[in-house]
Amino acid sequence: MAAGSAARVTLAGLHLSTGYLLALGVTLAVEVPVVAAFYPGRRRRMAVVCAAATTVTHLLLVFGFPRILPRAISPLWFGEAFATLGEAGAYWIADRQVGRALVASAVANTCSYGVGLLLLW
Amino acid sequence: MRAWETFAAMAVAFLGAPARANAPAPEGYTPAVEPGGTVEIHVMTTSGRRCPDDGLLRRNTSTGEIVQITTCSDDLTFVDQCVLAGEYQYGLATPLACHVGGTEYYETATVTDGPAEGCTRTIEAPAPATSVPWGSEKWVCRSSYRGPDNSSNFPFGCGTGSVLGTNLLVVLAGLGLWRWRPGRRRA
């Protein structure tokens with residue numbers, strides 16, 4: 001982390017650094033429009049669903065799984081897979097099209113994963 | 001430019017090293033300096049390591065003094081009290097393993113508002129230590145698509161390949177289900 005990331009917010013026992021909050025913002029900025037693009041005519045509704053689901057999975061990815069998973073399981077791989085499938089589940093609940101939900105979620109998560117790596121590079 | 005594009009551009013401009021989206025976060029430390037010389041150091045790691053691990057080292061960048069901290073406020077946060085004003089490096093005694101998202105040896109914290117005279121610790125005092133496992137280089141490794149991530153202890157790997165491979169499988173499954181609709185009849 002950069003030295004400038006010392007500032008942080010504590011929410012429900014989680015230490016949310018400015019770096020984390022910006023990372024969440026970038027994730028939402030990438031994933032929400034990608035998911036919305038898969039749902040013409042329902043873009044606004046699915047954008048809201050995406051924002052909510054992504055926020056939950058992002059918190060679990062960074063703060064949840066690293067603490068609860070046994071060491072033999074990679075929190076990164078498990079967290080990313082959970083994010084993709086969990087968000088797809090949310091889209092399926094909202095739209096009832098499982099195939100589209102899986103594709104939208106996987107493409108969106110791949111995009112945000114790639115953007116994250118590019119920013120870090 | 002749309003609002004989200006503006007936001008993304010600003011984020012890219014301001015983020016720098018700590019930037020990450022739904023991507024492997026850099027592993028390292030977030031120090032929070034509180035008035036009175038108390039410093040909390042949150043260890044950002046997905047490796048499963050837990051406080052106190054092998055202890056956290058604090059190195060005074062001016063004097064070179066090194067101490068070991070072993071008090072935790074939660075599984076991933078160390079607490080240091082009665083720290084005099086100055087600049088310090090905080091890092092685990094056993095460095096975090098190289099991770100695809102980049103890994104720090106230490107993070108620097110500056111204490112400007114030192115403890116009051118006669119500061120009394122409510123936790124165990126740090127123990128003197130002799131050396132830190134880092135030199136002038138702050139990074140164990142930097143994030144890279146290309147480099148190894150020392151993830152051999154994970155059965156599924158910890159790298160980009162396993163994540164993107166999983167997503168590819170989900171896309172293929174989704175496309176298959178998208179094309180196949182139960183009850184759809186051909187003419």
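**Exercise 1. In β10(B), which residue is the bridge partner of Val67(B)?**

Before we start, this is a predicted model, in which local features need pLDDT of at least 70, side-chain atom pairs count only at pLDDT 80 or more, and totals for chains, interfaces and linings use all residues. Residues are numbered from 1 along each chain as its sequence is written, while chains are lettered from A and ligands numbered from 1 in the order in which they are written.

Step 1. Find strand β4 of chain B at residues 66-69; strands (E, at least two residues) and helices (H or I, at least four) are DSSP runs, numbered from the N terminus.

Step 2. β4(B) and β10(B) pair in the antiparallel sense over two bridges, where pairing requires that DSSP finds at least two bridges between the strands.

Step 3. Look across from Val67(B): the partner in β10(B) is Pro128(B).

**Exercise 2. Trace the pairings of β6(B).**

Step 1. Four bridges join β2 (residues 38-44) to β6 (residues 77-80) in chain B, antiparallel. Here Glu40(B) has Val79(B) as its bridge partner.

Step 2. β5(B), residues 72-74, also runs antiparallel to β6(B), with two bridges; Cys72(B) is partnered by Phe78(B).

Step 3. Follow the chain from β5(B) to β6(B): a hairpin joins them through two residues.

**Exercise 3. Describe the elements of chain A.**

Step 1. Count four helices and two strands.

Step 2. Read from the N terminus: β-β-α-α-α-α.
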